[in-house]
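The sequence and structure are shown first.

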Amino acid sequence: MQQLVRSWNRNARGGSPFAAEMAAQGQAGTWSYDSRTASAPPEIRRRLGLDESAEDLDVIRTRYVFRGDDRPVMLSTTWEPLGMTRGTPIVLPEDGPHAGKGVVERMRQIGVQVTHAAEVVSARNATVEEAKQLDLRAPAIVLTIERTYYADTRPIETADIIIPADRYQVLYGTSIWDEPTAE
């Protein structure tokens with residue numbers, strides 16, 4: 001069984017955190033994606049702090065299939081508020097001069113400092129479509145991660161991540177910041 005590292009420090013490396021993680025495991029990390037404008041569903045509106053009554057196309061939704069050496073590793077669907085990225089060079093996560101750099105680096109390009117992320121981890125049976133995309137036999141258990149990045153208290157991106165539980169363990173780590181001591 002392989003491990004996928006979910007660590008705040010991985011975002012400090014620059015470039016794609018996924019590609020760096022796969023390279024550390026001796027694999028070529030690649031991904032396919034489809035980005036489009038969308039109306040955020042109610043749960044996503046809540047996670048992004050968007051007005052619940054709006055019906056406009058107010059997010060960029062990107063669906064990903066991430067692969068290690070051409071084998072599916074995980075699925076991810078991300079949502080970013082268009083009100084924050086519209087008219088900027090980062091509006092499309094995988095196009096433009098900052099394509100594929102990851103959320104933290106892309107947001108930095110428009111002056112948004114990502115301060116933290118929150119992740120909710122669970123497990124469930126894969127849907128038929130998820131099993132197909134991940135090359136799993138049904139019934140299959142997947143890990144689910146609801147991740148939201150924040151700039152202080154403002155949510156700036158949220159994602160639903162799906163990982164095959166029979167192939168991967170998820171490893172969490174974080175830095176311990178030393179507080180200055182009063183002398």
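Tyr64 is buried in this predicted model, since its relative accessible area of 8% lies under the 20% limit. Its ring pairs with that of Tyr33 in a tilted arrangement, with 6.5 Å from centre to centre and 45° between the planes. Tyr33 counts as partly exposed, at 34% relative accessibility.

The structure holds five aromatic pairs. Another of them is formed by Phe18 and Trp31, whose ring centres are 6.4 Å apart; their planes meet at 80°, so the pair is edge-to-face. It too links distant parts of the chain, as Phe18 lies in helix H1 (residues 17-24) and Trp31 in strand S2 (residues 29-38), 13 residues apart. Ring pairs connect Phe18, Trp31, Tyr33, Tyr64 and Phe66 into a cluster.

The table lists the accessibility of residues in these two pairs.

| Residue | Relative accessible area | Class |
|---|---|---|
| Phe18 | 6% | buried |
| Trp31 | 24% | partly exposed |
| Tyr33 | 34% | partly exposed |
| Tyr64 | 8% | buried |

A further residue, Thr77, is found in strand S4 (residues 71-81). Thr77 has a relative accessible area of 16% and is therefore buried. Which residues is Thr77 in contact with, leaving aside its neighbours within four places in sequence? With those neighbours excluded, the contacts of Thr77 are Arg61, Thr62, Arg63, Thr158, Ala159 and Asp160.

Note on methods. Residues numbered from 1 in each chain as written. Predicted model: local features only at pLDDT ≥ 70, side-chain atom pairs only at ≥ 80, totals over all residues. Heavy atoms only, no water. Helix = DSSP H or I, 4+ residues; strand = E, 2+ residues; numbered from the N terminus. Buried < 20%, exposed > 50% of the residue type's maximum accessible area, 1.4 Å probe, protein only. Contact = heavy atoms within 4.5 Å. Phe/Tyr/Trp six-rings, centres within 6.5 Å; stacked < 30°, edge-to-face > 60°.
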